[in-house]
Amino acid sequence: MDGVVLTSVPSALSGVCPNRVNAGSRNHSPNQVSVLRTVNCVSSLSIHPPQNGNSFLRKRHCVGVVKSAASSVGNADEKVEEPATSVKFQRTVALPGCSTALSLLGTGFREKKFAIIGVKVYAAGLYVNESILTGLTAWKGKSADEIQRDSSLFSSIFQDQAEKSLEIVLVRDVDGKTFWDALDEAISPRIKSPTSDDKTALSTFQGIFQNRPLNKGSVILLTWINPSKMLVSVSSGGLPKDVDAEIESGSVTSALFDVFFGDSPVSPTLKSSVANQLAMVLK
């Protein structure tokens, strides 16, 4: 991984979305240590048992990339940069409609080819309730390659009732209809026999992006509240503060998750980053 030398410092993972009740954290082994690998750096992560109702997540930082923050304990504002697009993601976020803060599990980018030229369209980061990690002990000791090829692990993440969210940050101007058409092109083939509920959900999903310009810097949140309900939030810049629509269809929500974490992901770098992180969490 480019031979980068690493250090780490502790930070707090806490906080909830406004007017929501904190769902709490599950206990973690005090000796459990994990490492978050991004495309060109490796970052260390240490999960500690809950203290006073909050769990603590050690911050990650790459020497030579992020300035030493040894005196910045508890600085939840420090960000992780997706190297191919230079988009920065917060390490923890409180998102609209969520009951707890979510932690960044990996980042990547989406590239479309025009003729033979690859053009980056957006960066993406997967956030999860850290309690999801406690349900993945069956994959303990697996390598990143084994995890990446194991669809059952990603299915387990999706089926977990805890919240998870995909943050998409556009790195070029895109017409809303064009964005939806590309997304629908990936979702629809994954729904073999759509029901009336599925069609209604897809129509609601489509309506969010019709006649909506998505300029560079626009942020789209796809938040799975549970396996059959997803919230969609869009802003012209920065994290959205409100929910634009609710999608209630298990077929649509699972198809969307498969678009990013199935056997043919639209962002291989995102899935690889998540697999690398999980391999270190579960080592």
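## First stop: a residue in a helix

Select I157: leaving out residues up to four places away in sequence, I157 touches I132, L136, K164, F257 and L278, where contact means heavy atoms within 4.5 Å. Before you go on, know that this is a predicted model, with local features needing pLDDT of at least 70, side-chain atom pairs counting only at pLDDT 80 or more, and totals for chains, interfaces and linings using all residues. Residues are numbered from 1 along each chain as its sequence is written, and side-chain values use heavy atoms, with hydrogens and water left out.

I157 sits in helix α2; helices (H or I, at least four residues) and strands (E, at least two) are DSSP runs, numbered from the N terminus. I157 counts as buried because its relative accessibility is 2%, buried being under 20% relative accessible area, exposed over 50% and partly exposed in between (1.4 Å probe, protein chains only). Draw a distance from I157 to L133: they are 24 residues apart along the chain, and their C-alpha atoms are separated by 8.4 Å.

Now colour the whole of α2, residues 151–159. Which of its residues are buried? L153, F154, I157 and F158 are. They cover an arc of only 140 degrees around the axis, so they lie on the same side of α2; the arc is that of the directions from the helix axis to the C-beta atoms. Show what covers them: α1, β10 (164–170), β13 (219–226), α5 (250–261) and α6 (268–281) are included.

## Zoom out

Of the 283 residues, 49% are buried. Among contacts with a separation of 6 or more, 65% are between residues 24 or more positions apart.

## Next: the pocket

Select K112, V121, T178, F179 and A182, which lie nearest the centre of the largest pocket among its 15 lining residues. The elements giving two or more residues to that lining are β8 (102–114), β9 (117–128) and α3 (176–187), and α3 supplies the largest share, six residues. By class, the lining has ten nonpolar, one polar and four charged residues (Ala, Val, Leu, Ile, Met, Phe, Trp, Tyr, Cys and Pro are nonpolar, Asp, Glu, Lys and Arg charged, and the others, Gly among them, polar).

A pocket here is an open set of points on a 1 Å grid over the protein atoms alone, where a 1.4 Å probe fits, with protein on both sides within 12 Å along at least five of seven lines; lining residues have an atom within 4 Å of a point.

## Two loop residues

Go to T85, in the loop between β5 (79–82) and β6 (87–90). T85 is buried, with a relative accessible area of 16%. Its side chain makes a polar contact of 2.6 Å with that of E82; a polar contact is a pair of N or O atoms within 3.5 Å, where within protein one must be able to donate a hydrogen and the other to accept it, and residues adjacent in sequence count only if both atoms are side-chain atoms. Leaving aside neighbours within four places in sequence, T85 is in contact with F109, K120, A123 and V171.

Then pick N129, in the loop between β9 and α1 (144–149). Buried or exposed? N129 counts as buried, at 9% relative accessibility. Its side chain makes a polar contact with the side chain of S131 (2.9 Å).
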